[in-house]
Amino acid sequence: MKTPKNTEKMQSVVVNFSIVRIRRDVMTILTHHAASRQAEADNIAAELAAIARSGMVLPGSITQRRTRCGHRNCGCHADPPRLHGPYWQWTRKVAAKTICRWLSTDQHHDYQAWIDNDRRLHELLARLEALGAEALEADPRWER
Ligand SMILES: [Zn+2]
């Protein structure tokens, strides 16, 4: 026959036991997340290294331009206009200034991949930063 006091004690043990179980489950989830975060970081590192090793990285963008010349009776001033080009222009920022350079069609074909690599580098770095932010958010010390 249990006294009320004993019943309280039993309930307390049950509650403590479930807190321990929840803590253990949380730690399992955190460990699992840390492992999958590490796996993703490894993949990112491999891709970053591959791009870096290629040495084919170029900032900015390449855009197609069609232009008008200075000759009044040229077709580029007609209605509708027959513009010159297409030409390719590499544009990037240097010290907050936009710098442009004309490229040949060949150069455009070669260097577009370099621009794409640069964009991918930035995506990968942003993903690494997001993983870091997730790790910080998952820090169990927030509950203290
Ligand atoms: Zn013209």
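Colleague: Where is Ala96 found?

Modeller: Ala96 sits in the loop between S2 and S3. S labels strands and H labels helices: they are DSSP runs numbered from the N terminus, with at least four residues of H or I for a helix and at least two of E for a strand. Residues are counted from 1 along each chain as its sequence is written. The model is predicted, so local features need pLDDT of at least 70 and side-chain atom pairs pLDDT 80 or more, while totals for chains, interfaces and linings use all residues.

Colleague: What is the phi of Ala96?

Modeller: First the general idea: most residues other than glycine have a negative phi. Ala96 has a positive phi of about 65°, although it is not a glycine. Ala95 lies in that loop between S2 and S3 too. The phi of Ala95 is near 50°, again positive in a residue other than glycine.

Colleague: Is Ala96 buried or exposed?

Modeller: Count C-beta atoms, placed from the backbone, within 10 Å of the residue's own: 20 or more others means buried, 12 or fewer exposed, and in between partly exposed. Ala96 has 5 other C-beta atoms within 10 Å, so it is exposed. Ala95 counts as exposed because it has 5 C-beta neighbours inside 10 Å.

Colleague: What do S2 and S3 form around that turn?

Modeller: They form a hairpin, with 2 residues between the strands. Two strands pair if DSSP finds at least two bridges between them. S2 and S3 pair over 7 bridges, in the antiparallel sense. One example is Arg92, whose bridge partner in S3 is Ile99.

Colleague: How many bridges join S1 to S2?

Modeller: 6 bridges join them, and the two strands run antiparallel. S2 covers residues 84–94. Thr63 stands opposite Gln89 in S2. Thr67 has His84 as its bridge partner in S2.

Colleague: In what order do the strands lie in the sheet?

Modeller: The order is S1-S2-S3, in an open sheet of 3 strands with antiparallel pairing. S1 (61–67) and S3 (97–103) stand at the edges with a single partner strand each, so one side of each has no neighbour in the sheet. On average, neighbouring strands are turned by 35° against each other, direction ignored. For such angles, axes are lines fitted to C-alpha atoms, for helices over the stretch in contact, and the angles run from 0 to 180 degrees between N-to-C directions.

Colleague: Which helix lies across these strands?

Modeller: Helix H2, residues 105–137, lies across S1, S2 and S3. H2 runs at about 150° to S1. Ala113 has its place in H2. With 13 other C-beta atoms within 10 Å, Ala113 is partly exposed. Ala113 and Trp88 are 25 residues apart in sequence, and their C-alpha atoms are 14 Å apart in space.

Colleague: Which peptide bonds are cis?

Modeller: Start with the background: most peptide bonds are trans. The bond from Asp79 to Pro80 is cis, with omega near 0°. Pro80 lies in the loop between S1 and S2. The bond from Gly85 to Pro86 is cis as well, with omega near 10°. Pro86 is placed in strand S2.

Colleague: Is Asn73 buried or exposed?

Modeller: Asn73 is exposed, with 6 other C-beta atoms within 10 Å. Its place is the loop between S1 and S2.

Colleague: Now the whole chain. In what order do the elements run?

Modeller: From the N terminus on, they run α-β-β-β-α. That makes 2 helices and 3 strands. The radius of gyration is 30 Å, well over the 15 Å that the globule rule gives for 144 residues, so the chain is more spread out than a compact globule. That radius is taken over C-alpha atoms, and the rule is 2.2 Å times the number of residues to the power 0.38.

Colleague: What does the C-alpha trace span along its principal axes?

Modeller: The spans are about 110 × 40 × 25 Å. Buried residues make up 2% of the 144 residues. Two residues are in contact if their C-beta atoms, placed from the backbone, lie within 7 Å. Of the contacts between residues at least 6 apart in sequence, 57% join residues at least 24 apart.
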